[in-house]
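Dear colleague,

Please find the structure below, handed over for your own work.

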Amino acid sequence: MVTRIVNTEAAKKATRKTARVVQKNVGRAASGMLGLSGERVSKVDTAWLRMDSPSNLMMIVGIWVLRPGITHDALCARIEERLLKYPRFTQRVVEDAAGATWVVDRDFDMAHHVVLEQLPKKPRGHEQEALQDRVAELAMQPLDHKHPLWQFHLVPHYQGGSALVVRIHHCIADGIALISVTQSLVDGGAAPPGHKAKATPRSGLEGAEDWLTDHLIKPFTSLAVQALGRAGDGAVRSMELLREPQKGLSDTLDAARMACQVASDLAALALMPDDSRTRLKGQPGTTKRVAWCAPIPLEEVKAVGKALNCSINDVLLSCVAGAIGEYLRAKGDDVAGQEIRAMVPVNLRPIEQAYKLGNRFGLAPLVLPIGLDNPVERIYEVRRRMGQMKGSYQPLLAFGMLAVAGLLVKPAQDALLNLFGKKTTAVMTNVPGPKDKLKFCGATIEQNMFWVPQSGTVGLGVSILSYGGGVQFGVITDATLCPDPQAIIDEFEPEFAKLSMVTLMLPWEE
């Protein structure tokens, strides 16, 4: 049982401070900067807004472990000073038949968004279990659509400091954008950026994405997708051709190759077989479980990767595949030759535009060889598969499908997106964080962990985050399909140790 404590005076004080920020945003709306009826939610963000289900809520959930602890007043002051400078965090969502609109919350109350909590007492050394249980509960507690879709939960006494649990609905922003938000919240962080001039036309994949966002609001046919490549890059390259005519032949060949790649990637997405039937795949329930491990030194991960001529990602994803395989073996399952598919988010925006919030990422399917027991054989297979993903337009096509889904009524959207649920076991994300530990309200952020949501019938989420010289693994699972995610987490460090040991034993003199 979790006790929620509301500091009425502190909350009222923070709310009074916030009132002027909200009024500014109301003024913007009235003056036309947001439009009299508010700013329309993009089609992709609308898709994320409507993707909530009884089994999976579309929230990004994160944790900071802080030492020493911070106060409720300091947290409210920092949020008022920094977070609310982003108008999206003072706006609620109003849905209608055609989509949704961002509308300023005239009844904004800081007490609703910053909650002070006390975890149940646990024996010394078991505090993390209590926090894991609470995070799992919060991951399935819907945010109130009558208010802006975010909450901070402060646990003032946790392992000699404080713990801060953050919940933000995915329709507000994706992970890359929220990293930009985080950088403005920490001590010494840059102030939230203001609106910038419209960017000049871009080339390559980013140019294609602009074309898709502006024009692919029509039936998602193969002809339209093939036109994506030709129109997206073609428009920019035709302008370049006026300046450099000698580039014409090579540009034509590039456009043809890109059109073939788009067609090939579309076919690969459409023809993906259903995923392997493991105990991790099935109909999820309505309860989550959460677990995370202590950091693994990043320098050791880099050393193994360098020795094997593999990237850090290859090393980490190989450990994920090994840990999941070992978990299933421990349950008595035969995983020889088995593979599972994980959807991996791929950023589609320049980092300098992260302040705009919203969702600008696609998804790429990565098949993990969980049945390969030899750690070296497994890492090279992961490297080979990661190499095949380079240059793929599948993330961009997935982004387009989300844009189209946002046009549909919810039942049709669910039917479209559930097709991918049958073909996927996990959602997995790997985010590089700051090399040095950050400070927040004078306290050091000792651990920094987060989880991305799963959609449809997907019941497993794996998060990898490098921060402060270490790498942490986090797992969130559906309790029906995997009631003990700590058993998966406990396999990560042994899998990395096994890979390190085998790497040292290889006959390098040859």
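**The largest cavity**

The lining of the largest cavity consists of Asn56, Leu57, Met59, Val61, Ala139, Met140, Lys288, Trp451, Val452, Pro453, Gln454 and Ile476. On a 1 Å grid over the protein atoms alone, a cavity is a set of points where a 1.4 Å probe fits but cannot get out, and lining residues have an atom within 4 Å of a point. By class, the lining holds nine nonpolar residues, two polar and one charged; Ala, Val, Leu, Ile, Met, Phe, Trp, Tyr, Cys and Pro count as nonpolar, Asp, Glu, Lys and Arg as charged, and the others, Gly among them, as polar. The space in this largest cavity is about 100 Å³, a volume being the space filled by probe spheres set on grid points that are joined across faces, edges and corners. Searching the whole structure gives one cavity of 30 Å³ or more.

**Basis of the values**

The model is predicted: local features need pLDDT of at least 70 and side-chain atom pairs count only at pLDDT 80 or more, whereas totals for chains, interfaces and linings use all residues. Residues are numbered from 1 along each chain as its sequence is written, and side-chain values use heavy atoms, with hydrogens and water left out.

**Overall organisation**

The protein has 15 helices and 17 strands, taken as DSSP runs numbered from the N terminus (helices: H or I, at least four residues; strands: E, at least two). Of its 510 residues, 53% are buried; buried means under 20% relative accessible area, exposed over 50%, and partly exposed in between (1.4 Å probe, protein chains only). Contact is defined as heavy atoms within 4.5 Å. Among contacts between residues at least 6 apart in sequence, 79% join residues at least 24 apart.

**Nonpolar cores**

A nonpolar core is a set of buried Ala, Val, Leu, Ile, Met, Phe, Trp, Tyr and Cys residues joined through side-chain atoms within 4.5 Å. The largest has 74 residues, of which Phe89, Leu131, Trp150 and Ile172 touch the most other members. Strand S3 (residues 59–67) contributes the most to this core, with seven residues. Another core, of 44 residues, lies apart from it and includes Val304, Leu316, Val376 and Met386.

Which residues does Phe89 contact, leaving aside its neighbours within four places in sequence? They are Leu83, Leu84, Phe108, Pro148, Trp150, Ile168, Ile172, Val181 and Leu357.

**Salt bridges**

There are 17 salt bridges in the structure, each being a side-chain nitrogen of Lys or Arg within 4 Å of a carboxyl oxygen of Asp or Glu. One of them joins the side chains of Asp333 and Arg279 (2.8 Å, N to O). Asp333 is in the loop between helix H11 (312–330) and strand S11 (340–347), and Arg279 is in the loop between helix H9 (248–270) and strand S9 (288–292), so the pair ties together parts that are 54 residues apart in sequence. Asp333 is partly exposed at 24% relative accessibility, as is Arg279 at 37%.

Glu381 and Arg385 form another salt bridge, with their closest N and O atoms 2.7 Å apart. Both residues belong to helix H12 (residues 375–389) and are four residues apart, about one turn of the helix. Are these two residues buried or exposed? Both Glu381 and Arg385 are buried.

In the salt bridge between Glu446 and Lys437, the closest N and O atoms are 2.8 Å apart. Glu446 is partly exposed, at 23% relative accessible area, and Lys437 is partly exposed at 41%. Salt bridges with shared partners also join Glu339, Glu381, Arg384 and Arg385 into one network.

**Local backbone features**

Gly161, in strand S8 (residues 161–169), is buried at 5% relative accessibility. Its C-alpha atom is separated by 3.9 Å from that of Gly69, 92 residues apart along the chain. Beyond its neighbours within four places in sequence, Gly161 contacts Leu66, Arg67, Pro68, Gly69 and Pro156. Arg67 and Pro68 are joined by a cis peptide bond, with omega about -10°; Pro68 sits in the loop between S3 and helix H3 (72–81).

Gln159, which is not a glycine, has a positive phi of about 50°. Gln159 is in the loop between strand S7 (150–158) and S8 and is partly exposed at 29% relative accessibility.

With kind regards

Terms used: 1 Å grid on protein atoms, 1.4 Å probe; cavity = no way out; pocket = protein on both sides within 12 Å on 5 of 7 lines; lining within 4 Å.
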